[in-house]
Amino acid sequence: MAFGYAWDMSVPVILLHAFPYSPAMWKEQLWVVQGHPVLVPDILGFESLESAAAHVLVEMDNRGWEKAVFVGLSMGGYVIFRLWNLEPERFAGLVLADTRATSDTPEQKAARAQMALRIRQEGTGFLPEALLPGHLGGTTRTRNPALVEQVRQTLLAVDPDKTIASLKGLAERPDSVPLLPDIAIPALILVGEEDTLTPPADARQMAVQIPDSRMLIIPQAGHLANLENPKAFNTALLGFLWEIDH
Ligand SMILES: O=C(O)CC1=CCC(=O)O1
């Protein structure tokens, strides 16, 4: 399926990052998407994921892109579902990495409200302690101290207001499970084998319900699978983009 963009024959790719990170989270994937028109928007700081999705659509319109392959990890995946809800005709394919289609439970919503309150009261200094154990798998935490430190520093440096706004957006996101059977385009589902936040069982549920999907488990990786095992993640992404383009 090739696209006739005058300046490039490859389909555009849009990389959507996780909470509370930034486009920099995709640095290990940039070589994989070279040769494609690429957009890596900052989607932190939106009080609704629908408005984050609308922002992405405006950026596509600004570039004259009719369609794209959307790649979303965790919150990025939640935004993909809102994009599909708004304008499904803009999709050439999608990659859902370490994400889920379900909405938050009451307990998860309460935990987000509590985190927002704590950021307001104390700042972001507690975020590594609160988030790191869920974001990085056991293998990374024991064998890759450099990545642990990099993620720790990133979490310490996040913008408090944007993080609080996104916590509201995450807590209020609707259930996207009813959308899954209608996703009638090629989908790749990736999940770190050690992901405890959106575990392989969640990924399997999405794979069962999205008709043209395949699922791959990224070994020795937790929730931030693209950073923890970039080699396996990139191989899967490269293969999927090649198939979409040919
Ligand atoms: O909080 C969640 O729902 C899981 C999650 C971790 C990073 C992210 O983007 O979402």
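## Strands β3 and β4

In this predicted model, strand β3 (residues 68–73) lies beside β4 in a parallel pairing that extends over six bridges, with A68 placed opposite F91 of β4.

Strand β4 itself (residues 91–97) is largely enclosed by the rest of the structure, because seven of its seven residues are buried.

Strand β5 (residues 187–192) in turn pairs with strand β6 (residues 213–218), where six bridges are formed in the parallel sense and A187 stands opposite S213 of β6.

## Packing of helices α3 and α7

Two packed helices are described by the angle between their axes and the distance between the axes. For helix α3 (residues 106–122) and helix α7 (residues 160–172), the axes come within 9 Å and cross at roughly 165°; with angles over 145 degrees counted as roughly antiparallel, α3 and α7 are therefore roughly antiparallel to each other.

The crossing of α3 past α7 is left-handed. On the α3 side the contact is made by K109, R112, M115, A116, I119 and R120, while α7 contributes P160, T163, I164, L167, L170 and A171.

Conventions:
Residues are numbered from 1 along each chain as its sequence is written. This is a predicted model: local features need pLDDT of at least 70, side-chain atom pairs count only at pLDDT 80 or more; totals for chains, interfaces and linings use all residues. Side-chain values use heavy atoms; hydrogens and water are left out. Two strands pair if DSSP finds at least two bridges between them. Helices (H or I, at least four residues) and strands (E, at least two) are DSSP runs, numbered from the N terminus. Buried means under 20% relative accessible area, exposed over 50%, partly exposed in between (1.4 Å probe, protein chains only). Axes are lines fitted to C-alpha atoms, for helices over the stretch in contact, and angles run from 0 to 180 degrees between N-to-C directions. Angles under 35 degrees count as roughly parallel, over 145 as roughly antiparallel, 65 to 115 as roughly perpendicular and the rest as oblique. A crossing is left-handed if the near helix is turned anticlockwise from the far one by less than a right angle, and right-handed if clockwise. Contact means heavy atoms within 4.5 Å.
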